[in-house]
Amino acid sequence: MDRQKEEAALVKRVSSHDADAFNELMLRFLPMIERYTFRLCRSTEITEDVVQETFLRLWQGADRYDPAKATLSTWLHRIAHNLCMDLFRKHQRLSPLPDDWEGELSDSTVNGTDNANTPQSAFEQHRKTAQVAEALDALPERQRSVLLLSYFQGFSNQEIGTIHDLSIAAVESLLARARRNLTKRLL
Amino acid sequence: MSEQQRLIQLLKLYGSDVDRWPEEDQHLGDPDMFDPFTLEVWQEARRLDQRLSEDVIPNRSSEMRWRIHNLISAPPATFTERWLLPLTEPWRPALVHALILSLGLLTSDLVQDSGFVDSTDYDDAIVWAAQYLGDIQP
């Protein structure tokens, strides 16, 4: 059974409130939804709310998922993205980095190297991260989201088009502009 | 589109990591075969990729998974839990306060009906004290 069919079968089980199937899907998708949401809003509180709401929607509305239209990953990213956009609209702009950011880095990290043992290296890592985060946050909303989905989440342009309701040409244009803007700010 | 133009387009869209390129284009990604201009574009794309890889983010997945699991495993809320305890909707505390006020007014009516006479009169106070001490009969 290929991966997509297997996921569709799990979603079907979730629609009849099978907690084991739901946990399996959380194990597979929660970390990537968390990473995407955090990079989009740069707030641990909002990330937690959005991730929780995304998976509660899966739990309560799994029967609305149509595997013929999109992969489960695409569907979940679309839900998370729309929730983030709703929050953006409500709060206008969110702070680029949370106040407790430095403390969190030393707990555990997703794709970091394990060299944050000394205060010096932790500070250096924090500084670099802050610079990149600032540059990403400075991008227009669509460019940022398309770049995150392509570069960090590994989606194809077609999948990004499905998430954003955009043509592949529009996705490519946003992607190229995002990288050009980042090059100007970071290099 | 020439091979060089396509290469530059790929570098500008996806960066220097060939694994991120569409599968059908990955055979183009050998830097040893690049002309000087393409090599320059490739180096710039690689420097940007290195900077982007510095974006380290916190990981709270297991905590969140646990919290969501607890949420879906919780038994369905009772009527009281759903309507009276989570007083987050603005009209709900108003409803509770209105109920308490109504209860207070009703109780007050009952107290008056019991024949109890409220007084701040000085002489009455002396009489009540005398009755309490048993000096006089009510």
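Modeller: Buried area is the accessible area, taken with a 1.4 Å probe, that two parts lose on being put together, summed over both. The model is a predicted one. Between chain B and chain A the buried area comes to about 3,800 Å², and carbon and sulfur atoms give 60% of that area. Of the area that chain B buries against chain A, 18% is supplied by B:Asp55, B:Val56 and B:Ile57, more than any other three residues. In terms of contacts, 29 residues of chain B touch 48 residues of chain A.

Side chains of opposite charge can pair when their charged atoms come close. Between chain B and chain A there are five salt bridges. B:Arg60 forms a salt bridge with A:Glu48, with 2.8 Å between the closest N and O atoms.

On the side of chain B that touches chain A, at least two residues come from each of the helices α1 (3-14), α2 (36-52) and α3 (61-73) of chain B. The largest share, eight residues, is that of α3(B). By residue type, this side of chain B divides into 13 nonpolar, five polar and eleven charged residues.

How values were computed: Residues numbered from 1 in each chain as written. Chains lettered and ligands numbered in written order. Predicted model: local features only at pLDDT ≥ 70, side-chain atom pairs only at ≥ 80, totals over all residues. Heavy atoms only, no water. Contact = heavy atoms within 4.5 Å. Salt bridge = Lys/Arg side-chain N within 4 Å of Asp/Glu carboxyl O. Helix = DSSP H or I, 4+ residues; strand = E, 2+ residues; numbered from the N terminus. Nonpolar A, V, L, I, M, F, W, Y, C, P; charged D, E, K, R; others polar.
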